2 protein chains.
Amino acid sequence: MAAQVNIVLLGLGVVGGGVAGALRERADTYSQRVGASLALRRVLVRHLDKERAVKLDPSLLTDDAEEAVSGDVDIVVELLGGEHPAYGLIRDALSRGRYVVTANKEVMAKHGPELLSLAAEKGVDILYEASVGGGIPIISPLKRDLSANEISSVRAIINGTTNYILTRMSRDGLDFATALAQAQQLGYAEADPTNDIDGHDAAYKLAILASLAFHTHIGPDDIRREGISGLAARDFRYARELGYAIKLLAVARREGSSLQVRVHPTLVPEEQLLAKVDGVLNAVQIEGDLSGRVLFQGAGAGSLPTTSAVMADVLDAARAIVQGGRPFPWRYTDEVAIKPLAELVTRYYIRLEVVDRPGVLAGIARAFGDHEVSIASVIQKETDEAAQTAELVIMTHPAREEAVQATAVQVRDLPEVVSIGNLLRVDD
Amino acid sequence: MAAQVNIVLLGLGVVGGGVAGALRERADTYSQRVGASLALRRVLVRHLDKERAVKLDPSLLTDDAEEAVSGDVDIVVELLGGEHPAYGLIRDALSRGRYVVTANKEVMAKHGPELLSLAAEKGVDILYEASVGGGIPIISPLKRDLSANEISSVRAIINGTTNYILTRMSRDGLDFATALAQAQQLGYAEADPTNDIDGHDAAYKLAILASLAFHTHIGPDDIRREGISGLAARDFRYARELGYAIKLLAVARREGSSLQVRVHPTLVPEEQLLAKVDGVLNAVQIEGDLSGRVLFQGAGAGSLPTTSAVMADVLDAARAIVQGGRPFPWRYTDEVAIKPLAELVTRYYIRLEVVDRPGVLAGIARAFGDHEVSIASVIQKETDEAAQTAELVIMTHPAREEAVQATAVQVRDLPEVVSIGNLLRVDD
């Protein structure tokens, strides 16, 4: 039994504090579960004198990155977040032959392949369960438990902030700005919420999941992305009448030899479990050709859930160190083309504001027909008598994105159409 | 790179056929994912001449167990099911220093600790992801991904047959016998359905999950078990009116230093995801002190989903063999006392058939009061005018099982009570 596994923590924020606390309070349990004691040797912080919730021996703290990772270190746990300096520190740690555990979705989405190769070359591993879905096991199930499958799709709600906002808009009829403000008050959204509401965070996570599921490298730039700020409370009401919830869905789906990868607000049939995942919860549904649909659900963020994932990786790395043997190198073996969004075929929800007079529908229907987009249903919604306008909600049969976008351009220019309120994709 | 990993299959039934097919059809993919080719060397069958869906080279088949496992074998995959001869063959394979992959819940529930110790002693491993929940990853998440947590509860729907029957009774108002007969026609229930409907199958699986979750050994005999045959269609109707679904729930819950472990029909609040798991689907919810509640859901049985789990373990064992190092031995470290069911404290649903006349409730209420069981609500349900009887549904506040059972005995003997229709536990 190795006497001791030495751990260095980079960052002592919300998650770092949780990890440091777990290592201290659960030392006996973890040593039993690993077969060696886990020693926290150093913690890299920005400000040595800051007040912190977790009380650590001040001599463990350093603000010098080089000092933090030098000497006798087995596992480097990176919890700084953001691309820099995290990326450089991780690369440095792997180069020195250390195991790395990270919660960093941006670094893994952008530099995953390079870092995984480097780890393999050095006979160590980089583990990143905490980078997606907080406390929900999802990286390890994709790498291990579903590895006998050919995966056909990943469909996920992986941003708690937006799911909270959408849940409030749907349940309480709030408009986007009010729901966002309430999320900010509760600490679910940041002062600058761009990263969440525009779908960047979900795209990083989808890049990580899709890369694993399809054994290829999908980067954030491969993902078509739309945020949630264009949604209105009545879109949720109309969707519900049609039997759908609206979720910011991250989708990666194989179609022949190419792959759709996209993050956007999506109509999800109400009877599906994903439609019932509300509030800050996350859920990931994987469809394999053997397993069928498997769903993982739980807390996607927060200090303790993320600590659960980080510590699972730390315990795993520690066991690998204690037991010997080279970790299995993850390989991106497949070449998969990214399918342009223009070629997507799905159903669409289109909300239009039109002039309230007889015969309006004829011109609109003609525009759809011109592009061979077939209308499944049209419902006339509330009218604004003062403005003499009405609202139409159109659901199409499956159609090509390209044709639907061209239809939208033509419809928008019709004299009887005031504006296109929203155009959303459906994922049945 | 090890040239080849040699595999022996014990059993070529529904799952064995799936595994043999996957090994043959996906040879190239699996060899890439493992770093060695996987060779199916022999298959133990009962009848050499039987017609089979999967076409294998007849020279691979043997009906001699000793011949099957001798020679150059790395991994023995046991898919015979049942305690014997599987248990002896697994022990023999581990004794010879081979990795074992099994889907055998009965063997793992009864003999898990012994087999895990033997594997550790021999420097190999026994993997059993397919023993619970078919294609849903659950053993590996408990062993690895949630291992930094102290688990407080496992709540699971882990028998697809009974969940199908309960779903039909609930949705379509079928009585138990009709729903069972339909399940049998569809191949979801066996000709002798005892093992499923009396909860034995769920108890084996709960024993496996609880042993992992609580790092202790829970055997099938530790589990209090009640089947579903006493449920009536109207129990589902009444439960729904009260806001509950009825599920055959397998529950393991820590209370202080002791553990409740039980399988019985249970009222589950409708807003919980577990209440929405219908048909042959399985779901397992684990609550950890760091992770919070995490839910895993998917197909709990069937050839392909079970093949997914068996092959994940085979690939994992093959990687361990290729990469070297000793597998981490699972340790049952904790002593946990089993809490008698008599000490359970929860809410109860009690359905009574009573004489339909004024004042009946007074005697019944007195019986509850005598045992300090507090009534939360009483609803009078349909009356049978011919028999001059009525039905009462009583929900209690949280009460001790012992007191509720004593109340039931006293109530049953009241002259105004015709019978106790059902007494079910609630799990909020």
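Colleague: How many residues does the contact take from chain A and from chain B?

Modeller: Two residues are in contact if their C-beta atoms, placed from the backbone, lie within 7 Å. Here chain A gives 45 residues and chain B gives 45 residues. This is a predicted model, in which local features need pLDDT of at least 70, side-chain atom pairs count only at pLDDT 80 or more, and totals for chains, interfaces and linings use all residues. Residues are numbered from 1 along each chain as its sequence is written, and chains are lettered from A and ligands numbered from 1 in the order in which they are written.

Colleague: Which elements give two or more residues to the side of chain A that touches chain B?

Modeller: Helices (H or I, at least four residues) and strands (E, at least two) are DSSP runs, numbered from the N terminus. In chain A the elements are α2 (27-34), α6 (139-145), β12 (292-299) and α12 (303-323). The largest share, ten residues, comes from α12(A).

Colleague: How many bridges join β12(A) to strand β12 of chain B?

Modeller: Two strands pair if DSSP finds at least two bridges between them. Three bridges join these strands, which run antiparallel. A:L295 has B:Q297 as its bridge partner in β12(B).

Colleague: What domains does the assignment give for chain A?

Modeller: Domain bounds come from an automatic or database domain assignment. For chain A it gives domain 1 (4-134 + 303-323), domain 2 (139-299) and domain 3 (343-426). The centres of domain 2 and domain 3 of chain A, taken over C-alpha atoms, are 26 Å apart.
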